[in-house]
Amino acid sequence: MPCADDDTERIAATARRALDICNACQFCDGYCAVFPALKSRRLVSANDLTFLSNLCHNCRSCYHACQYAPPHAFDLNLPKSLSLVRQQSYRDHVWPPPLRGRLPGTGWSFVAAVTFVSVALVVLPVLLWVPPELVFGRHAGEGAFYRVVPWGAVAGVAGAVMLWSLLAIGFSVASFWRGMGPAPAGVALRPALCDALSDAASLRNLGGGGAGCNDRDERFSRARRRFHHALFYGVALCFAATGVATVYDHGLGWQAPYPVLSLPVLFGSLGGGGMVIGTAGLVLLKLRADPGPVAKGLAGADCALLALLFLVAASGLSLLALRETAAMGLGLLVHLGLVLGWFATLPYSKFLHAPFRFAALLRAAMERQARRVGKRAGNARGRG
Amino acid sequence: MTGVSCDFDVLVVGGGSAALCAAIAARRAGASVLLLEAASRPLRGGNARHSRNMRVMHQAPTPWVLGCYPAGDYLAELRRVADTADAGLSRLFVESSAGIVDWLAGNGVRFHGAADEVLPYSRKTVFFLGGGKALVNALYATVKELGVAIRYDGEVRALHLLDGPPAITLGEPEVTVRARSLVVASGGFQGDCGWLRREWGEAADYFAIRGTPHATGIPLRALLAQGATPVGAADRCHMVAVDGRAPLFDGGIVTRLDGIAHGIVVDREGRRFADEGAVVGPTRYTVWGELVARCPGGVAFSLFDAVIGERFRPSIFPAIQADSIGDLASALGIAPGVLNATVTAYNAAITGEATAGLHPPKTRLASPILIPPFGAYPVRAGVTSTCLGVRVDERARVLRRDGAAFDGVHAAGVIMAPNILGGGYLAGSAMAISAVFGRIAGREAAVHALR
């Protein structure tokens with residue numbers, strides 16, 4: 001497809017030009033990790049584009065502070081340029097390799113289709129083979145869920161899909177890591193890893209150097225950072241809930257559903273609440289954002305992931321609310337189908353931004369370590 | 001002045017940092033204020049949108065600046081660039097600069113923490129987080145919040161100072177706005193190519209203007225025509241060496257050309273004309289701006305080879321490259337024979353780090369130009385601002401030629417900076433002058449209007 005190649009080259013050339021101008025300016029140094037990392041490079045290579053575009057958290061502070069942003073003749077739009085490169089890096093490193101350049105798409109249709117199929121794959125067999133009085137009946141007490149869908153089927157299918165997805169993500173990240181070019185040599189991994197973990201956990205790079213980010217317009221806010229925290233820690237709590245439930249079931253022999261005041265339900269409902277608030281907030285911010293620095297074509301993929309996560313959380317919370325009614329069976333099936341859809345699309349959706357961003361943060365932390373080591377060595381030589 | 005109705009207490013002409021500081025100070029003092037920005041909203045902020053830092057006096061480290069920079073050091077550096085400056089005004093300025101950071105921070109401006117190791121070390125300047133446009137955005141947000149009326153695309157056509165309260169005419173169709181007092185903070189006149197040409201001759205045709213095209217000097221000319229005392233020098237500019245392909249306006253910081261000191265510089269005839277190694281510090285940009293401004297055709301070429309080309313940050317525009325000096329000369333429109341002779345003579349004269357027996361010599365960083373591909377950047381003078389202003393007193397009141405102050409007319413920023421900088425320039429001082437005198441002018445204008 002020569003047309004797509006042209007596009008790729010144009011996107012790369014635009015981003016490189018933007019970064020060259022940024023490197024000559026450096027006024028945005030204080031906003032995030034992208035600018036110090038850029039400063040240490042004299043020229044921007046294709047590898048650097050991969051790295052820097054994934055290091056960018058798309059906070060857009062640099063756009064609103066940019067004296068070269070449109071309508072200036074330079075027409076500089078770094079967040080938009082890096083968004084487009086970033087999207088291409090997801091495609092370039094997707095696994096298995098035959099999908100490279102095809103997936104993940106920029107729209108919402110792929111995620112929607114896979115999710116729909118997943119829900120159908122869960123719901124239809126149950127409707128076909130499980131007696132309706134079981135599916136639409138009221139269940140109470142231990143093992144209620146598993147009377148509708150056997151535990152083995154849930155764990156087996158979800159586990160297999162998750163395993164595939166983790167494998168695919170692992171290969172994608174490995175390919176992406178190589179795509180960033182050779183890592184700095186002689187850097188201790190542990191402190192860099194701690195740095196990167198702290199950056200990821202705190203979203204330090206959405207701090208705008210203390211002022212917050214331009215979530216919507218020139219005004220600074222911390223809304224995006226907070227909504228993302230709600231979503232991220234919400235997901236983490238849901239996994240914690242699943243983990244605790246697994247221990248309860250297999251370690252202690254207590255079967256779901258658990259009482260409202262049990263750890264799995266508390267973690268799950270808190271996490272689900274966080275996910276609902278986080279996803280809704282992020283979508284609202286997106287809808288109200290100044291369109292200037294936004295790559296419009298990518299909104300579909302972003303919103304698809306957010307919508308799916310919203311549905312996963314909302315269906316989980318509804319299941320909790322309806323678990324003692326006749327709607328439990330169907331609610332459970334839909335929730336499981338949505339979770340399965342999310343698992344299946346992990347390596348092929350906007351979700352890839354999470355492992356890639358972390359890899360880029362780790363690379364940036366390693367480079368910072370290397371610069372510090374270099375500086376110390378330089379000072380030592382200076383004294384000698 | 002009774003009997004004439006005024007539209008506003010204070011009228012601020014300009015939309016850069018001095019104007020914004022004046023509007024904020026006047027509004028906070030209780031005056032109703034109209035701010036007239038000649039630019040459209042997206043390009044607002046005058047030259048402040050291209051600024052990065054501000055030189056401030058401080059006795060001890062602060063979260064925003066390391067070490068200390070006592071008033072004596074600041075004044076000594078000012079005297080070095082402008083020995084004709086007004087000593088009283090300079091002292092007032094330096095002492096007021098100490099408090100201006102907190103005042104700006106209180107008005108929404110954010111500064112870059114001094115401990116951040118990405119910043120170049122500085123004990124003299126504070127850096128705006130995100131640069132000058134971030135500062136401009138923050139000040140406009142504050143101005144708006146305080147209830148100052150803002151008019152964009154509000155280019156002033158005339159000032160009326162001699163008959164009753166000050167008034168200005170602007171717009172198409174023309175509107176006249178009258179106020180009890182006026183703050184003129186409209187910068188220099190570098191945006192008026194005709195005026196530049198009258199001062200600089202043909203050379204001005206080749207200048208790039210690094211900042212706003214709206215600094216056309218209309219209010220400055222009007223003040224001078226109505227009897228304001230000129231200060232500074234009409235035929236002086238702050239200028240730096242920029243890539244010759246820089247846009248005519250608004251190229252800002254990124255078109256500045258690094259690396260001149262590493263190679264050689266030839267004029268359009270292909271001959272060297274200055275010692276490229278004479279200045280290697282931060283002032284090299286201005287030194288070369290002024291040298292190139294006086295070159296035939298206002299242009300020169302910075303030349304290097306493949307080895308030297310790795311020693312500095314490249315221009316944002318691609319280097320013009322060729323595999324031989326002759327081809328490079330042709331690409332630059334220079335006679336190949338002359339450029340070959342220049343490079344050969346330069347290479348032959350290198351002994352160690354300098355040249356011997358060459359005129360002009362290269363006294364530092366002399367490396368042979370030997371390894372292809374050879375590269376070149378065209379160099380032009382990029383003008384930051386002109387150095388002609390109006391004399392003011394310590395209350396930022398514009399002074400007439402007889403030494404008396406105009407009634408209710410104040411000036412702030414680059415239009416009065418030559419009171420302190422003369423025809424010279426000190427890095428980071430213009431933003432400090434703008435903020436300090438903007439604040440004074442706004443406060444005094446409000447006092448005058450509300451008395």
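**View 1. A:Cys56, a buried cysteine in a predicted model**. A:Cys56 has a relative accessible area of 9%, where buried means under 20%, exposed over 50% and partly exposed in between, using a 1.4 Å probe and protein chains only. Its closest cysteine sulfur belongs to A:Cys32 and lies 6.5 Å away, too far for a bond. A disulfide here is a pair of cysteine sulfur atoms within 2.5 Å.

**View 2. A:Cys59, also without a disulfide**. For A:Cys59, the nearest cysteine sulfur is that of A:Cys213, at 4.0 Å. A:Cys59 is buried, its relative accessible area being 8%.

**View 3. Where chain B meets chain A**. The contact (heavy atoms within 4.5 Å) takes 33 residues from chain A and 34 residues from chain B. Together the two chains bury about 2700 Å², with 55% of it on carbon and sulfur atoms; buried area is the accessible area (1.4 Å probe) that two parts lose on being put together, summed over both.

**View 4. A salt bridge between B:Glu310 and A:Arg42**. The closest N and O atoms of this pair are 3.7 Å apart. A salt bridge puts a side-chain nitrogen of Lys or Arg within 4 Å of a carboxyl oxygen of Asp or Glu, and the rule finds four across the interface of chain B and chain A.

**Notes on the views.** In this predicted model, local features need pLDDT of at least 70 and side-chain atom pairs count only at pLDDT 80 or more, while totals for chains, interfaces and linings use all residues. Residues are numbered from 1 along each chain as its sequence is written, chains are lettered from A and ligands numbered from 1 in the order in which they are written, and side-chain values use heavy atoms, leaving out hydrogens and water.
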